[in-house]
Amino acid sequence: MYLLGIDVGSSSVKASLVNAENGKCVASDFSPKVEMEITALKSGWAEQHPDSWWNNFKAALKNILSESGVNSSDIKAIGISYQMHGLVLVDKNQQVLRPSIIWCDSRAVPYGEKAFKGIGEEQCLSHLLNSPGNFTASKLAWVKENEPELFAKIDKIMLPGDYIAMKLTGDITTTVSGLSEGIFWDFQNNCVSEDILNYYGFDKSIIPTILPTFAEQGKVTAFAAKELGLAEGTPVTYRAGDQPNNALSLNVFNPGEIAATAGTSGVVYGVNGNVKYDPQSRVNTFAHVNHTTESTRLGVLLCVNGTGILNSWMKKNVAPESMSYKEIDAMAEKIAIGSGGISILPFGNGAERMLGNKETGCSIHGINFNKHGKAEILRAAQEGIVFAFAYGMEVMQGMGIDTRIIRAGFANMFMSSIFRDTLAGVTGATIELFNTDGSVGAAKGAGIGAGIYKSNVEAFSTLEKLKSTEPDAKNETAYKEAYELWKSKL
C-alpha cells in the first residue's frame, strides 16, 4: 500500500512514493533538472504557465513509477503541496486563461496597500489577520483592472495546488487554508470575506467549492489515469501550501511547535491556538492544515529575506578562496560567542516585512581594525542571521506563540552547529532536525486524509530525527548579551 506526494514548486515539481506501512520513501524524483522558467515581461513580474507544472509532474511521476516498480493500483491516496499565493484562472471549460501570476510577482502591491486603507487596517487585521498585501486577491484585482476582457471570462480562480487537483479529478475545489493564504477568508465570521469581495468587486461565484484539507477531494478521472499511468478512481485526499505542508512534514501541528527553513531566505512557521494578529502586520497568519472552526490552529509565518544569501555572500567575498562551508564553520567556531563585539544586520536581500517593509540593506557594526579579522566577521554573519530569526520570533511570542521546539530539515543553515547552537541559546528552544521533504509530507498528509493513518501521531511515528540541540545554560548570558547588542543596532 503506497501514498503519492506531489510538491509543486516554482523551480521544479517533485513526486515521492511512500510505503504507507513503514513510512519509508521508496522512490522520489523531480522535474525539470534545471530550474523551471519564470517569465518576467516587466520588472517585478513573475509568471509560470500551469501546463508546465502538470507536464513536469507527469515526468517525475513516470520516473518514480518506473524506478519503484510499484503497481499504480497499490497507490491508495494522493497528496498535493504547492507554491503559495499563485493565481490560476480558468473559464467554464476548465481552460487556463493566462499564465499564473506566482508568489514572487510584486505587481499587485499597490492594490493591496490601497485595499488595506480602503477596507480599514483594523478591519483587515482583525478579520483577515493580514493586510491584503501582494497576495492572491490583490493579484486578481490587477487582472480585473488591466485585463478586463479576460477577467470577464473567468469561471473560477484557483491556487496552484487547486489546479493540479482539478487536472487529476476534473473537480474545481479549494480549502480554507488555501483561501486564507489568498486573503479571501474571514476568521471572525468563518466564511469567504465579504469585505474583500465587495471592495474589489468580485462575484462570489468565482470561489471554488470548499473542502476540508484532509478529506476526499475527488478521484482520478479515466482521462488523467491514462495520461499519467495511475489507476482510475485513486482519491486525492490532502492539499496544502508549501509552508503549512513543510510544517506538517515535520509533525508541527500544535500550539508552541515551530517549523523553520533557512535557505536563501528563511521562514519560521509557528502554530497558534488563538485568533490573533500583529498590529504592525510584520508576520502573516494563515489557517494551518488542521485548523477547524472548533479547534483554532493558525500558522504564523515569519519571513527573513537575508539568511543563507548572506552566508553565501560571505563565502564568496570574505572567506579565504575555495574554502567550503564546513571549513568556514570550523574557522568561525574558534571565535567566542558575540564575535568580539561585531554585529551584522543581514537585511541585504530586499525589503523586510518584519521591519515594516523597509529596505535597510546589510550593515556591519563594531569592527576594530586592530583585533578583528575574517573569522570574527564570518561568525558574526551567522549570529546576525539567527538574531534576525529571534527578533521576528519575539513578534510571534507577542501573539501568544510560546516557542518550545523548533523543527527543521537537516539542510542549508541548519547544517551549521554555530547556527543551531545560537538559535537554541537565544530562543531557549530545542532544535530538532529531521530527514524529510515536502513531497514526502504531502504523501503522509494523503494518508491522514484517506483514513489510512488515524492521526498525525501515527502518520509521523517513523519520522527520522537526525540531530537535537538543547539550549546551553552556561552560555545563556553570552548569547543574550550578543543579541541585545545586535538589537541596539536596528
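Cys-362 counts as partly exposed, at 39% relative accessibility. Here buried means under 20% relative accessible area, exposed over 50%, and partly exposed in between, with a 1.4 Å probe and protein chains only. Cys-104 is also partly exposed, at 33%.

A word on the source: this is a predicted model, where local features need pLDDT of at least 70, side-chain atom pairs count only at pLDDT 80 or more, and totals for chains, interfaces and linings use all residues. Residues are numbered from 1 along each chain as its sequence is written, and side-chain values use heavy atoms, leaving out hydrogens and water.

Now the serine. Ser-439 sits in helix H15, residues 438–449. Helices are DSSP runs of H or I, at least four residues; strands are runs of E, at least two; both are numbered from the N terminus. Ser-439 is buried, at 0% relative accessible area. Beyond its neighbours within four places in sequence, Ser-439 is in contact (heavy atoms within 4.5 Å) with residues including Asp-7 and Lys-14.

Asp-7 stands opposite Lys-14 in S2. Strands S1 (residues 2–8) and S2 (residues 13–19) run antiparallel, joined by seven bridges. Two strands pair if DSSP finds at least two bridges between them.
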